[in-house]
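Hello,

Here is the structure for your files. My notes follow below it.

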Amino acid sequence: MPAQIYSPFTSFNFSNNKCFLTGQNLNSPEEQIQVFPQWLMSRYELEDKPFKLLDESMATYKDLKLPCTAEVNERCLEPLENEIAAAFDTGYEAVKALDEDKLFLWAGKLLYGIIFNEIQAGIKLQHSQGEEFNISQSIIHKFNNLHMMLQSLNLPVEFDGFKPYSLVLFKVDNAENVFGYRDEINTLTFSLRIKDFGLILCLQDNGANARYHKEALDKIGDHVLHPIQFEELNARFFYSAYLFNRLPEYDIFHIGDTISLEALPLRGTSSKPLFDEWMNKTYGQVLENFWKNWGFLLLEIIKNPEKPMSFLFNADGDFINGQDLKLPL
């Protein structure tokens with residue numbers, strides 16, 4: 001019998017007695033994994049640091065867990081964690097050498113773990129108020145697609161001639177022991193800045209955001225970025241992910257024992273552009289948030305509404321060498 005994809009969104013079962021990845025019943029409540037892997041929490045002393053959930057409640061990093069059978073963890077997840085941990089510990093060159101699909105799966109598993117905990121918290125809150133838990137169908141669609149793709153960790157799932165994500169990686173002149181993590185679960189966008197690198201992933205766009213920013217990415221090339229430059233690029237990706245207005249669709253084919261995913265054209269039957277109109281004021285608000293460490297305010301950032309402040313490119317549109325910036329790291 002060919003392998004079957006598990007979808008928790010069909011029955012909306014997010015209990016702690018089923019494996020998040022396979023739907024198998026757990027043998028014990030102790031069969032859990034950390035959402036933020038232990039090696040990452042230990043390295044950056046995250047265990048007891050606060051983590052704010054969407055319902056405004058506070059957890060700690062170590063509170064965020066996923067139900068997972070010991071067999072699935074040992075066979076499917078631990079080898080990936082060990083490979084990612086070793087590369088991250090070495091730094092940029094080792095991370096660059098990784099298979100991009102593995103980075104996608106690692107980041108996707110982490111982000112899905114946050115989604116799982118957010119859904120559990122939302123269900124609990126709504127039920128305590130005597131209400132049914134509601135979530136938009138478009139969000140469910142994206143979450144379900146991500147979960148389907150994560151099953152390439154344990155099933156013979158293949159992406160047929162496409163990458164379901166945009167991924168950019170840069171060498172960054174970070175301060176020692178910096179831990180810069182951001183996510184946006186509604187757009188499935190992920191960013192991590194540690195060691196000597198910065199990584200940005202849009203997990204469900206079939207590469208659209210990377211294509212959208214191609215001109216800027218080509219100008220940056222392989223240059224080492226100052227942290228404020230990386231955070232500017234981060235803001236651009238997080239904002240464009242918000243503007244991205246398509247829900248990717250996939251055909252699923254069973255070919256022998258393989259489950260093949262084929263991406264349907266993003267444009268579909270609509271003549272509407274893939275991205276809504278870029279608004280500099282809104283982008284400036286995003287950038288203000290990403291530049292908090294340096295204290296730049298919105299009024300400064302959009303002093304010229306046509307050309308928001310940039311540390312990536314000068315007035316002529318040329319790349320600025322990060323080593324020329326006289327700013328703290």
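**Notes on the model**

Asn82 is found in helix 3 (residues 70–90); helices are DSSP runs of H or I with at least four residues, strands are E runs of at least two, and both are numbered from the N terminus. Asn82 is exposed, at 54% relative accessible area. Exposed means over 50%, buried under 20%, and partly exposed in between (1.4 Å probe, protein chains only). Asn82 and Ser11 are 71 residues apart in sequence and 33 Å apart in space, C-alpha to C-alpha.

This is a predicted model: local features need pLDDT of at least 70, side-chain atom pairs count only at pLDDT 80 or more, and totals for chains, interfaces and linings use all residues. Residues are numbered from 1 along each chain as its sequence is written, and side-chain values use heavy atoms, with hydrogens and water left out.

Next, helix 9 (residues 227–243). Asn234 sits there. Asn234 counts as buried because its relative accessibility is 1%. Its side chain makes a polar contact of 3.1 Å with that of Glu231. Such a contact is a pair of N or O atoms within 3.5 Å; within protein, one must be able to donate a hydrogen and the other to accept it, and residues adjacent in sequence count only if both atoms are side-chain atoms.

Two non-glycine residues have positive phi.

- Glu45: phi is about 50 degrees. Glu45 is in the loop between helix 2 (38–44) and strand 2 (50–52), and is exposed at 62% relative accessibility.
- Leu188: phi is near 55 degrees. Leu188 is in the loop between strand 7 (180–184) and strand 8 (189–194), and is buried at 0% relative accessibility.

Best regards
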